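Subject: Structure handover

Hello,

Here is the structure I said I would pass on. Please open it alongside this message; my notes follow below.

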Amino acid sequence: MQNEHQIFGIRAVIEAINAGKEIDKVFIQKEAQGDLMQELMKTLKKNNVNFSYVPVEKLNKLSKFNNHQGAVASIAPIKFVTMEELVEGVLEKKESPLFLILDQLSDARNFGAIIRTAECTGVDGIIIQKQGSAPVNGDTVKTSAGAVFNIPICKVDHIKDAVFYLQGSGIATVAATEKTENNIYEIDFNKGIAIIMGSEDKGVNPSVLKIVDEKAKLPMFGTISSLNVSVACGAFLYEAVRQRL
């Protein structure tokens with residue numbers, strides 16, 4: 001069974017994946033078993049589809065009156081682009097692009113808010129990881145105020161792969177992290193650059209921090225030592241805008 005943004009039932013999800021549907025994420029009931037469920041898991045892994053295990057209550061909430069059979073898939077309302085399409089397409093049009101990388105940001109509303117700010121600040125494309133990232137769902141669309149339809153989004157297997165690809169294409173990378181002495185206002189945002197924002201709880205992955213070109217932090221003066229990731233992202237993006245005016 002299917003509505004505008006979701007597919008319910010194990011067989012229906014399998015068929016949708018095999019048919020090439022743009023599946024954003026699949027929610028699987030914890031401890032679900034059976035031959036059909038095993039077939040679904042093989043299909044998910046073969047096609048590298050993002051999935052997570054959830055309690056049955058979560059599936060009941062998602063499916064409402066539908067028989068989910070232990071599986072609900074979220075259909076992406078947009079078509080994702082490949083890394084090559086994104087970077088090569090942008091570089092054909094401008095010398096100093098601005099990209100945004102979200103390292104396993106997990107909250108759909110934060111994701112939507114960031115997309116909205118990115119669109120307003122002229123970001124040329126957003127890069128996310130297939131596994132562990134927030135889904136592009138109704139909450140994302142709503143909090144982005146529709147901006148999700150106006151900016152290309154790319155999914156990659158690993159954030160490190162994206163960083164290496166960008167660096168090989170002449171794009172500098174800067175990670176937002178408190179684990180540095182460098183201030184955001186010391187960074188040159190006039191060149192082609194990709195800003196990397198981390199997850200809400202862990203920040204940018206340490207393995208990613210090891211390979212970026214630069215690290216930067218926002219000055220903090222209060223007793224609370226961190227900002228909401230969407231707010232911090234806005235500060236980084238508008239510093240880039242300020243320098244590029």
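**Salt bridges**

Asp 124 and Lys 94 are joined through their side chains by a salt bridge, with N and O 3.1 Å apart. The term salt bridge is used here for a side-chain nitrogen of Lys or Arg within 4 Å of a carboxyl oxygen of Asp or Glu. Asp 124 sits in the loop between helix H5 (108-120) and strand S6 (125-129), and Lys 94 in the loop between helix H4 (83-91) and strand S5 (98-102), so the pair ties together parts that are 30 residues apart in sequence. Helices (H or I, at least four residues) and strands (E, at least two) are DSSP runs, numbered from the N terminus.

Before going further, two points on the source. This is a predicted model, in which local features need pLDDT of at least 70 and side-chain atom pairs count only at pLDDT 80 or more, while totals for chains, interfaces and linings use all residues. Residues are numbered from 1 along each chain as its sequence is written, and side-chain values use heavy atoms, with hydrogens and water left out.

Are Asp 124 and Lys 94 buried or exposed, or something in between? Asp 124 is buried, at a relative accessible area of 15%, and Lys 94 is partly exposed, at 32%. Buried stands for under 20% relative accessible area, exposed for over 50%, and partly exposed for what lies in between (1.4 Å probe, protein chains only).

How many salt bridges does the structure hold? There are six. Side chains of opposite charge can pair when their charged atoms come close. Another of the six is formed by Arg 11 and Glu 39, at 3.3 Å from N to O.

Nine residues of domain 1 are in contact with 10 residues of domain 2, where contact means heavy atoms within 4.5 Å.

Between them the two domains bury about 670 Å², with 27% of this on carbon and sulfur atoms. Buried area is the accessible area (1.4 Å probe) that two parts lose on being put together, summed over both.

One salt bridge is found across the interface of domain 1 and domain 2. Lys 155 and Asp 24 form a salt bridge, and their closest N and O atoms are 2.7 Å apart. Both Lys 155 and Asp 24 are buried. Lys 155 lies in strand S7 (residues 153-156) and Asp 24 in strand S2, so the pair ties together parts that are 131 residues apart in sequence.

On the side of domain 1 that touches domain 2, strands S2 (23-29) and S4 (71-75) each supply at least two residues. S2 gives the largest share, three residues.

**Single residues**

Ser 74 is placed in strand S4. Ser 74 has 6% relative accessibility and therefore counts as buried.

Most residues other than glycine have a negative phi. Glu 31 is not a glycine, yet has a positive phi of about 65°. Glu 31 lies in the loop between S2 and helix H2 (35-46) and counts as exposed, at 76% relative accessibility. Gln 69, also not a glycine, has a positive phi of about 60°. Gln 69 is found in the loop between helix H3 (56-63) and S4, and at 45% relative accessibility counts as partly exposed.

Regards
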